[in-house]
Amino acid sequence: MVFKLYGVAFSTCTKRVAIVLHEKNVPFEFHPIDFAAGEHKSPEFLKHQPFGQVPYIEDDGLVLYESRAICRYIAEKYAGQGTPLIPTELKAKAIFEQATSVEKDNFDALASKAVYEKVFKPMYGLTPNQETFDELIGNLDKRLDVYDQILSKQKYVAGEEITLADLFHIPYGAMLAAAGSNILDTKPNVARWWKDITSRSSWIAVEDGVKSTG
């Protein structure tokens, strides 16, 4: 059965899933959802994703939504191929779980709001609030000081090997420049790590939009 990814080609969360599919060498069909036409709020779509958000997947009878949950599923189902992305040793896995929590609460919570303020608001005909953006970037700057300390001692956020915790940062992190911030280039260890993870072929494959493979 073909793995099916339903989403928007330029959606950050759709890209998050596609990165992992590429890392795990999983062929997939991409089914674009027409947001402009309100397809994500149609009764048929809501049967699969009741919140009317993207992405969701269909795989071997399973329908699953929420990008991070999908990524974990892919990494575990296809553990024997591609890049190992979830540690199996108990202590290493605990540190990995710690890093995924840090990403969601200390990076994504700020970066996604900053990107919304300067990139998505204008798309919706709304006026960005520079003060709000500056406050978000200021708070993110403080969190990235801690990242820089962590990354001074290890190659990736969960240790010496790349994991989902690193990849989860990419979609919104990559949009910070479009929002007007070069914050990821201002701290030496963060900059080294960022260059590393965004140079991977998995990100290059989806950076300009998600497409079917296989």
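**Basis of the description**

Helices (H or I, at least four residues) and strands (E, at least two) are DSSP runs, numbered from the N terminus. The model is predicted: local features need pLDDT of at least 70, side-chain atom pairs count only at pLDDT 80 or more, and totals for chains, interfaces and linings use all residues. Residues are numbered from 1 along each chain as its sequence is written, and side-chain values use heavy atoms, with hydrogens and water left out.

**Overall fold**

The protein chain contains ten helices and four strands. Along the sequence their pattern is β-α-β-α-β-β-α-α-α-α-α-α-α-α. The radius of gyration of the protein chain, 17 Å, is close to the 17 Å from the globule rule for 214 residues, so the chain is as compact as a globular protein of that length. This radius is taken over C-alpha atoms, and the rule is 2.2 Å times the number of residues to the power 0.38. Along the principal axes, the C-alpha atoms fill a box of roughly 50 × 45 × 25 Å.

**Burial and contacts**

Of the 214 residues in the protein chain, 45% are buried (under 20% relative accessible area, with exposed meaning over 50% and partly exposed in between; 1.4 Å probe, protein chains only). Among contacts (heavy atoms within 4.5 Å) with a separation of 6 or more, 67% join residues 24 or more positions apart.

**Glutamine 98**

Glutamine 98 lies in helix H4, which covers residues 90-123. Its relative accessibility is 52%, so glutamine 98 counts as exposed. The C-alpha atoms of glutamine 98 and alanine 158 are 7.9 Å apart, although 60 residues separate the two along the chain.
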